[in-house]
Structure formats: C-alpha cells, structure tokens
2 protein chains.
Amino acid sequence: MATLPTAPDERPLRKDAERNRQRILDAARALFAEEGLHATLDAVAARAGVGVGTVYRRFADKEALIDALFEERIDEVVEIAEAALAVEDPWDGLRHFFEGSLAMHLHDRGLKELVFSTAHGRDRVRDARDRIKPVVMAVVKRAQDAGELRPDLDTTDIPVLQLMLTAVMEYTADVEPDVWRRCLALVLDGMRANGACTPLAPPALGDEQLEAVMAHGLHPAPRR
Amino acid sequence: MATLPTAPDERPLRKDAERNRQRILDAARALFAEEGLHATLDAVAARAGVGVGTVYRRFADKEALIDALFEERIDEVVEIAEAALAVEDPWDGLRHFFEGSLAMHLHDRGLKELVFSTAHGRDRVRDARDRIKPVVMAVVKRAQDAGELRPDLDTTDIPVLQLMLTAVMEYTADVEPDVWRRCLALVLDGMRANGACTPLAPPALGDEQLEAVMAHGLHPAPRR
DNA sequence: CGAAACCGGAGATCCTTCCTCCGCTTTGGT
DNA sequence: ACCAAAGCGGAGGAAGGATCTCCGGTTTCG
C-alpha cells in the first residue's frame with residue numbers, strides 16, 4: 001500500500017519485485033489486448049505466473065494498472081494521426097489514418113474500450129483526444145480542400161465512422177480478421193467526393209454531442 | 001407446475017391470470033425494446049406491476065418469454081425484406097431495405113441482440129434468417145443487374161454492413177437518434193456503382209463464416 | 001545471518017441475476 | 001354463500017463473478 005508508482009521513484013524495488021512488476025505489465029498488456037479491459041486481475045496474475053496479491057501490492061487497483069499501460073498506447077494513436085498529415089497526397093493521408101488507427105484497434109481490444117468510453121482513465125483519454133482532434137481536423141480539411149473528400153463531411157463524423165468499423169472488427173475478428181477492410185474500402189468510396197453524392201441527411205454531431213457519444217459506457221441502467 | 005404454455009391450450013386461464021399475462025408481455029416488450037435482452041425478469045415484473053413469481057409461473061424462464069415475444073417481431077423483419085423487393089426501382093428497394101430494418105433496430109434494442117447472436121432462441125432466429133436470405137439475395141441481385149449496385153459486393157456483406165450501422169445507433173441513440181442516417185447515406189454512396197470504385201480488398205465472408213460471426217453472442221462491453 | 005521486503009493464493013466481501021417457495025388472496029362453480 | 005382450486009407477491013436461496021485482503025512462508029541483501 002506504500003509503494004505506488006504514482007510517486008516518481010521513492011526507492012528502487014527489490015530485484016524480484018521489479019521482475020514481477022514487469023511480468024505483470026507484460027501479461028496485462030497482452031490480456032487486455034486480446035480480451036479487452038474486462039479481463040480480471042486474477043487472470044492477469046495467472047498469466048504473469050504470479051499471485052493476485054502481488055498484482056494488488058504493485059497496483060492500487062485495476063484502474064491504476066490500466067492507466068500505467070495505456071500511457072504508451074495512447075501516444076501511438078496520436079502519432080498515427082500525425083503521420084497521416086505527413087503523407088504527401090491528401091487522400092492517401094486520410095486513408096492511412098483510417099487504416100492505421102483501425103489496425104491498432106484490431107490488435108488491441110482494450111484500446112478500443114479505452115478510446116470509446118470515459119469509464120476508464122477519463123483524464124488521460126480526454127487529453128489524448130484533445131491532442132488528436134486538431135490533427136484530424138487538418139487531415140480532413142486538407143483532403144476537402146484538395147477536392148478529394150466530400151465537403152459535407154464533418155470532423156465529428158470521423159470518430160463515428162471509426163466506431164462503426166471497430167464494431168465490424170469486434171464481431172469478425174475471430175472468424176476472418178480482415179473483412180473490416182472490405183467495409184473500410186466501401187466507406188472510403190462513400191467519403192470520396194464524386195459527382196453523385198447523396199446529401200448527408202441530418203446535421204453532423206456537435207463537439208459536445210460527440211463527447212457524450214464517446215462517454216457512453218454503454219447500457220445505461222436507471223431510468224427515473 | 002402443470003399449466004405450461006408449451007401445450008397448445010389445455011384450459012383457459014383464470015381472468016386475473018390472463019390479465020397479468022398480458023401485462024407481463026406488454027412490459028417485457030417495452031423493456032426489451034428500450035434496454036435490450038439483458039433486462040431482468042424482476043424489472044419486467046416491476047414494470048408490469050406484478051410479482052416475479054407471477055412471471056415465472058407464466059413463463060418457464062427468460063428464454064420462453066423472449067421466445068413468445070419475438071415471434072411477432074421477427075416476422076416484421078421478413079416483411080421488410082419482401083416489401084423492398086416490391087419497390088419498383090431496384091436501388092430504391094435496396095435503400096428501403098436498409099432504412100426499414102435499421103429503423104426497426106433503433107426502436108428495439110432487444111431485436112438487434114436477437115438477430116445478431118445465436119445466444120437466444122437459436123431455432124426461431126435461424127429460421128427467420130433462412131427466410132430472409134433468399135429475399136435479400138434477390139434485392140441485391142436486382143440492383144446489381146440494373147447496374148446500380150457495385151458488382152463486387154456480396155450478399156454476405158449486407159448483414160455485416162447492417163451490423164456496422166446498428167453499432168452506430170447503439171452508441172448514438174441516446175444523444176442524437178438520427179445520426180445513423182448520415183452514416184447510412186455515406187455507406188449507400190459507397191455501395192453505388194460508379195466509375196471510381198476501389199476494389200474490395202479481401203474476399204467476402206462465406207455463408208458459414210457469416211453464420212459464425214452472427215453467432216458471436218457478444219454484449220460489447222461490461223457496464224459500470 | 002536475520003530483518004525487512006516480498007510472495008502466493010485461499011477466501012472474505014460485495015455484486016447481480018435467476019428462480020423457488022409458501023402463506024395469503026381471488027375466482028368461479030355449485 | 002361457500003370453499004377448493006388457482007393464482008398472487010416478494011423475500012430470499014442458489015449460483016456465479018469480480019475485487020481486494022490477509023497472513024504464514026520465502027527471498028533478498030546489507
């Protein structure tokens with residue numbers, strides 16, 4: 001209960017303790033990626049070849065473990081967005097952004113749950129979203145200015161479309177992990193500016209609305 | 001323990017019993033539609049203004065209640081597909097099919113869970129799927145023959161696309177229940193046969209694979 | 001070598017959800 | 001009007017999970 005990883009570093013851990021800490025982190029990373037954030041810490045402990053007690057001695061609770069892990073992961077998402085801006089062709093940049101971030105979600109179920117909910121680590125995730133947003137806006141605007149992306153698409157549509165595609169992945173990953181690419185190709189064709197665009201019916205989500213959608217821990221319980 | 005609704009009709013229920021049975025059915029219909037199939041029978045009972053015992057006396061278990069309810073609903077889905085075939089313009093027919101079935105899912109969360117899983121009422125659902133399949137195939141083929149729908153789209157893609165769009169609904173329904181229409185419009189544009197179609201990368205799902213995907217069970221995330 | 005740090009994992013605690021049980025009430029045939 | 005059969009409510013048992021604690025025994029390292 002004393003040695004929280006919150007404090008910078010109070011004192012080096014004993015050798016065995018440090019080794020176990022690392023094992024736990026590795027096991028958790030793998031498990032959360034494979035099964036999502038709802039994997040139990042007991043399972044993490046088992047995979048790490050360690051007792052549950054050891055996990056709880058090192059991390060105050062599940063939240064803390066998740067937090068420690070996803071600091072790294074979340075940065076990667078931001079990097080993908082930035083890389084997309086660096087691609088010369090505006091449309092290719094947009095495509096790369098979708099492909100890149102979706103491929104990440106494919107390999108990491110937990111990441112999806114983190115990004116599309118405020119249930120866990122609200123602050124860290126919110127920060128990351130705030131960092132990504134301007135970059136994505138730039139990617140979108142660039143593609144629209146180049147006349148490649150239909151102009152009636154809003155920035156707030158992007159996360160919604162991604163959410164949509166991760167859903168396909170979630171269902172199909174175990175059966176045929178690549179079908180989401182079919183859907184992506186189709187969606188991208190729909191995003192392309194070509195003569196015959198059906199007008200996008202209701203107005204796009206506002207920023208706060210998007211926030212609310214993402215915050216959706218899903219399955220609200222109490223009415224009244 | 002004697003009067004199971006399994007037997008066709010052994011003897012009319014007492015007046016109060018029949019009244020309660022109806023109340024239970026109504027409450028369950030509403031609750032499952034609003035919250036999905038995971039609503040508890042205790043909640044159904046509460047909503048019906050009845051004790052849990054009464055529910056269990058009338059329906060062997062949750063499964064039986066769901067079964068009794070969705071016999072009606074599932075037929076509606078089939079009807080929508082058939083109505084789509086009746087529309088003169090092939091493309092409009094396809095569009096109507098998407099709009100109609102998706103709108104249904106919007107108003108009934110439980111229905112989505114029933115259709116996209118084999119967890120509940122496997123037989124009845126499977127039957128319905130078998131009835132819908134040829135109709136959908138016809139709708140698709142007609143639109144392709146008319147040169148309106150891109151030819152590299154497979155029948156098995158349709159449920160996947162629907163699944164994808166229901167996911168959007170699931171997340172956005174509480175915030176802005178109509179944004180899914182934006183996504184649908186975009187997806188439909190992507191399905192349209194126009195000059196610049198990006199080839200659909202991996203081959204479409206086979207029938208058994210689709211079956212496996214639908215069987216997935218899956219309640220996306222744990223709440224909390 | 002011995003004290004402080006650490007370990008394992010059984011199991012206490014706390015949820016939920018499904019369903020049963022039984023004492024009391026209502027119905028409807030005579 | 002009566003009363004047996006049918007029905008009713010809802011407390012609470014059973015089962016399943018997840019989170020986290022506790023403590024006797026082991027390891028590390030000065």
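Which helices of chain A and chain B each supply at least two residues of the surface near DNA strand D? In this predicted model, chain A contributes in this way through helix 1 (15–35), helix 2 (41–48) and helix 3 (52–58), while chain B does so through helix 1 (15–35) and helix 3 (52–58). The largest share, four residues, comes from helix 3 of chain B. Altogether 23 residues surround DNA strand D, and the closest are A:Gly53, A:Asp61, B:Gly51, B:Gly53 and B:Thr54. Sorted by class, this surface holds seven nonpolar, seven polar and nine charged residues.

The surface near DNA strand C has seven nonpolar, seven polar and nine charged residues.

The relation between the two protein chains can be considered next. Two copies of a chain are related by a rotation about an axis and a shift along it.

Where the chains meet, 44 residues of chain B are in contact with 46 residues of chain A. On the side of chain B that touches chain A, helix 8 (157–172), helix 9 (180–191) and helix 10 (207–214) of chain B each supply at least two residues, and by class this side has 29 nonpolar, six polar and nine charged residues. Because 91% of the interface residues of chain B are also interface residues in chain A, the copies meet through the same surface.

Two of these helices also pack against each other within chain B: helix 8 and helix 9 of chain B lie with their axes 9 Å apart, at an angle of about 160°, which means that helix 8 of chain B is roughly antiparallel to helix 9 of chain B. The crossing of helix 8 of chain B with helix 9 of chain B is right-handed. In this contact, B:Leu161, B:Leu165, B:Val168, B:Met169 and B:Thr172 of helix 8 meet B:Trp180, B:Cys183, B:Leu184 and B:Val187 of helix 9, giving eight nonpolar, one polar and no charged residues.

Note on methods:
Residues are numbered from 1 along each chain as its sequence is written. Chains are lettered from A and ligands numbered from 1 in the order in which they are written. This is a predicted model: local features need pLDDT of at least 70, side-chain atom pairs count only at pLDDT 80 or more; totals for chains, interfaces and linings use all residues. A residue is near a molecule or strand if its C-beta atom, placed from the backbone, lies within 6 Å of it. Ala, Val, Leu, Ile, Met, Phe, Trp, Tyr, Cys and Pro count as nonpolar, Asp, Glu, Lys and Arg as charged, and the others, Gly among them, as polar. Two residues are in contact if their C-beta atoms, placed from the backbone, lie within 7 Å. Axes are lines fitted to C-alpha atoms, for helices over the stretch in contact, and angles run from 0 to 180 degrees between N-to-C directions. Angles under 35 degrees count as roughly parallel, over 145 as roughly antiparallel, 65 to 115 as roughly perpendicular and the rest as oblique. A crossing is left-handed if the near helix is turned anticlockwise from the far one by less than a right angle, and right-handed if clockwise.
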